[in-house]
Amino acid sequence: IQNSFRKMTAIFSGRSIKQIQQKLFEITTSLSKGAAAFICLSIMLICTNAIVYPRASQHDAWLHLSILKGLYSLTVEPTYNAVYYYLFVALISSPLLPLTSLDVIENDFNRFHSISVLVSGSMLWFVFFLGLYKTYLNLGFERQTAFLCAAATAVLPPIMRTYAMIRLENLILTLSPYLYLYASRLLSQKHLDTRTLAKLSIVVGLCASQKVTGIVLVLWLLAAVTLLHNTELQSIGMKFRLRILFSLLFSVVLLLFLNYLATETWIFEHHAESRADYTTKIPSLANLTALNIPTVWANPLRFQFPISLPNILAVDFFGDYWGYGINHLKLPISPDFRVIRARASLILTGLYCVIFVLGFFLAMRHALHRPERSIGNLRTTIIIPILSATIFVGLALISLVSFKFWHAGKGDTFKWEYIIMFTTFAYLPLGVLIEKHPKTRMAAVSFAYFFIIAGFIQSAIIVVTR
């Protein structure tokens, strides 16, 4: 505690911004205590939000609760949702059932719902953060940069919010870093590693059998890694290549079929197909592209500005436009405070976009114009902009899906919750600014701290305002 106090005192005793930036970077070099504190605070925040968020009014709460109730009773309700995520939540939280009343499922399941979210969400968040940290190390970033970028990603309000809810996307989001790690490790070797292949098959199967968005993410990441490791793939021979392909396809088909046997529904089916309010209209070009900053800034709350994908996602990226978490109408927060928080989200989103664009183009420039042209060097640099572009794949996907399912009155399906797994590599450009260019290093480190603190504050406002 004394050492930490001295370091914090040293930060604010500096006489220039450059000295403050240098001190921030020096503190980052001591990761063990900082990482432990960050993980503890994040898990505490997820647990607090899991208890505070209104359960019954969250996204499709009736559906998630009915499936969990059935699993605790050893039955599977017919549903278009895959059951694997719910199985994990049920297995992790079922030992806690005796801590509640014997009739908890019938009379007070919302209380146990909070407990199950608290336990499963915290565990999945930790696994996600650990995988994200390992991914940055695998990409060649220093430990300090890896921690900062992984931390900034892990405390994004949509990510913290989704782990405080019951959502299928949570499992895909958690496994997304490992999908890249195992695929890269498998294809970078000159011989077939059966243990890594087994791990990759399980991860691919679980992601692809959860939702269609999981299939898209799997195809995107596997295609990127395969193209970058084409030389190694050719060296291991056709027999091993076919074995890899068969193993991955077998895992996906098996889990899809088992889920169909359990739920009597394929994941490609959706209840919105039978609802006229989701299928009678399609979004216009303005709905998909219009960004009205002055109008949104004037009143950045739900239904108070023109419905468009950029408008909604800009407010939601560091805020809570849909009101599933902190901005829920049942929580005692004043409208003025909601407006301030939403405007803060707009500012943070704009700043993030500037950082992303700068880092992305710097990564592209470094990959395409560096003097070293060996396959290894080119691969380790070109993969960074490719992975950074994953978030654009998610945005393109949600735009395309809106032509089939879209609620004109609400703007549904313009939600980060649907494509949250595509934000896994959102802070890779920031890592590039920290390491690839000496002139941007100190400023980028300062921005990393700023985004971490801002993410915490925007996700923890409820603790202060209740």
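Q: Why does Arg161 count as buried?
A: Buried means under 20% relative accessible area, exposed means over 50%, and partly exposed lies in between (1.4 Å probe, protein chains only). Arg161 stands at 3% relative accessibility and therefore counts as buried. The model is predicted: local features need pLDDT of at least 70, side-chain atom pairs count only at pLDDT 80 or more, and totals for chains, interfaces and linings use all residues. Residues are numbered from 1 along each chain as its sequence is written, and side-chain values use heavy atoms, with hydrogens and water left out.

Q: What makes Asp320 and Arg161 a salt bridge?
A: A salt bridge requires a side-chain nitrogen of Lys or Arg within 4 Å of a carboxyl oxygen of Asp or Glu. The closest N and O atoms of Asp320 and Arg161 are 3.6 Å apart, and the two form a salt bridge. Asp320 lies in the loop between α18 (309-317) and α19 and Arg161 in helix α9 (residues 157-163), so the pair ties together parts 159 residues apart in sequence. Helices here are DSSP runs of H or I with at least four residues, strands are E runs of at least two, and both are numbered from the N terminus. Asp320, with a relative accessible area of 2%, is buried.

Q: Why do the side chains of Lys211 and Glu169 meet in a salt bridge?
A: Their N to O distance is 2.7 Å, and a salt bridge is defined by that cut-off of 4 Å. Glu169 is buried, with a relative accessible area of 1%, whereas Lys211, at 22%, counts as partly exposed. Elsewhere, salt bridges that share partners join Arg161, Asp316, Asp320 and Glu417 into one network.

Q: How do you know that Phe360 and Phe392 are an edge-to-face pair?
A: Rings of Phe, Tyr and Trp (its six-membered ring) pair if their centres lie within 6.5 Å; planes under 30 degrees apart count as stacked, over 60 as edge-to-face and the rest as tilted. The structure holds 29 aromatic pairs. For Phe360 and Phe392 the centres are 6.5 Å apart and the planes at 80 degrees, so the pair is edge-to-face. It links distant parts of the chain, with Phe360 in helix α19 (residues 335-369) and Phe392 in helix α21 (residues 390-401), 32 residues apart. Phe360 is buried, at 18%, while Phe392, at 43%, counts as partly exposed. Ring pairs also place both residues in a cluster that includes Tyr352, Trp416 and Tyr427.

Q: What makes Lys415 lie over the face of Trp322?
A: A charge sits over a ring if NZ of Lys or CZ of Arg is within 6 Å of the ring centre and within 35 degrees of the ring normal. Lys415 lies over the face of Trp322 at 4.7 Å from the ring centre. Trp322 is buried, and so is Tyr321.

Q: Why does Phe257 count as partly exposed?
A: Its relative accessibility is 42%, and Phe257 therefore counts as partly exposed. The place of Phe257 is in helix α14. Phe257 also belongs to a nonpolar surface patch of about 960 Å², among whose other members are Val212, Phe250 and Trp266. Patch residues have over 30% relative accessible area and no salt bridge; nonpolar side chains (Val, Leu, Ile, Met, Phe, Trp, Tyr) are joined within 5 Å, and like charges within 9 Å. Helix α14 (residues 237-263) supplies the largest share of the patch, seven residues.

How values were computed: Accessible areas come from the Shrake-Rupley method with a 1.4 Å probe; for residues, only the protein chains shown count as cover.
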